[in-house]
Amino acid sequence: MALDQSFVGRTYPPTDPYEVGREKIREFAEAVGDTNPAYTDPEAAKALGYPDVIAPPTFVFSITFKAAGQVVRDPQLGLDYSRVVHGDQKFAYRRPVRAGDRLTVTSTIEAIKSMAGNDIVDVRGEVHDEAGEHVVTAWTKLVARAAEEG
């Protein structure tokens, strides 16, 4: 059964703040194999004009995807998470994520479509720091595969 189109535009409350730590940034950069010294060396980051190490561009996925969980767990929406796969991801940055940032994410359903029995939900996550400054927007596409017949 197709998801309810009336959910398009629904915004969920901001998440609790997530404090970005140097070690988390280092671990992430190491996991993705990115050796940019601005991700691990505070002096290298300062030489580039940042107050501390910065995070690789995809680092923010971990908090925006978690925030999208509010959408997934919304019982009124009725999305079957057991059938969900991650379809796409993109980011638009105002500035890099930095160690010491305390970030919140506000998720909004931008689109719902059905194609070949699959439900596709586009979620926009607006990420702000504790001063209210917009840091990045992340778009996540979730695809709930069609139930198999028989």
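A salt bridge is a side-chain nitrogen of Lys or Arg lying within 4 Å of a carboxyl oxygen of Asp or Glu. In this predicted model, 13 salt bridges are counted by that rule. One of them joins the side chains of Asp-52 and Arg-22, with a nitrogen-to-oxygen distance of 2.9 Å. Because Asp-52 belongs to the loop between helix H2 (42-47) and H3 whereas Arg-22 belongs to helix H1, this pair ties together parts that are 30 residues apart in sequence. Asp-52 counts as buried, at 14% relative accessibility, while Arg-22 is partly exposed, at 45%.

Two further salt bridges may be described in the same terms. The side chains of Glu-30 and Arg-26 meet at 2.8 Å, N to O. Both residues lie in helix H1, 4 residues apart, which is about one turn of the helix. Glu-30 has a relative accessibility of 57% and counts as exposed; Arg-26, at 27%, is partly exposed. The side chains of Arg-124 and Glu-110 form a salt bridge of 2.6 Å, N to O. Arg-124 is part of strand E4 and Glu-110 part of strand E3, so this pair ties together parts that are 14 residues apart in sequence. Arg-124 is partly exposed, with a relative accessible area of 21%, and Glu-110 is also partly exposed, at 34%.

The largest nonpolar core contains 19 residues, of which Ile-25, Val-97, Leu-103 and Val-127 touch the most other members. Helix H1 (22-32), helix H3 (61-72), strand E3 (102-115) and strand E5 (134-144) are the elements that give two or more residues to this core. A second, separate core of 15 residues includes Phe-7, Ala-68, Val-72 and Val-123. Leaving aside residues up to four places away in sequence, the contacts of Ile-25 include Val-20, Tyr-39, Val-53, Ile-54 and Phe-59.

Aromatic rings were also examined, and 3 aromatic pairs are counted. Phe-91 is partly exposed, at 25%, as is Tyr-93, at 31%. The charged end of Lys-90 sits over the ring of Trp-139, at 5.3 Å from its centre.

Backbone geometry was considered last. Most residues other than glycine have a negative phi. Ala-116, however, has a positive phi near 55°. Ala-116 is placed in the loop between E3 and strand E4 (118-128) and counts as exposed, at 78% relative accessibility.

How values were computed
Residues numbered from 1 in each chain as written. Predicted model: local features only at pLDDT ≥ 70, side-chain atom pairs only at ≥ 80, totals over all residues. Heavy atoms only, no water. Core = buried A, V, L, I, M, F, W, Y, C linked by side-chain atoms within 4.5 Å. Buried < 20%, exposed > 50% of the residue type's maximum accessible area, 1.4 Å probe, protein only. Contact = heavy atoms within 4.5 Å. Phe/Tyr/Trp six-rings, centres within 6.5 Å; stacked < 30°, edge-to-face > 60°. Lys NZ or Arg CZ within 6 Å of the ring centre and 35° of its normal.
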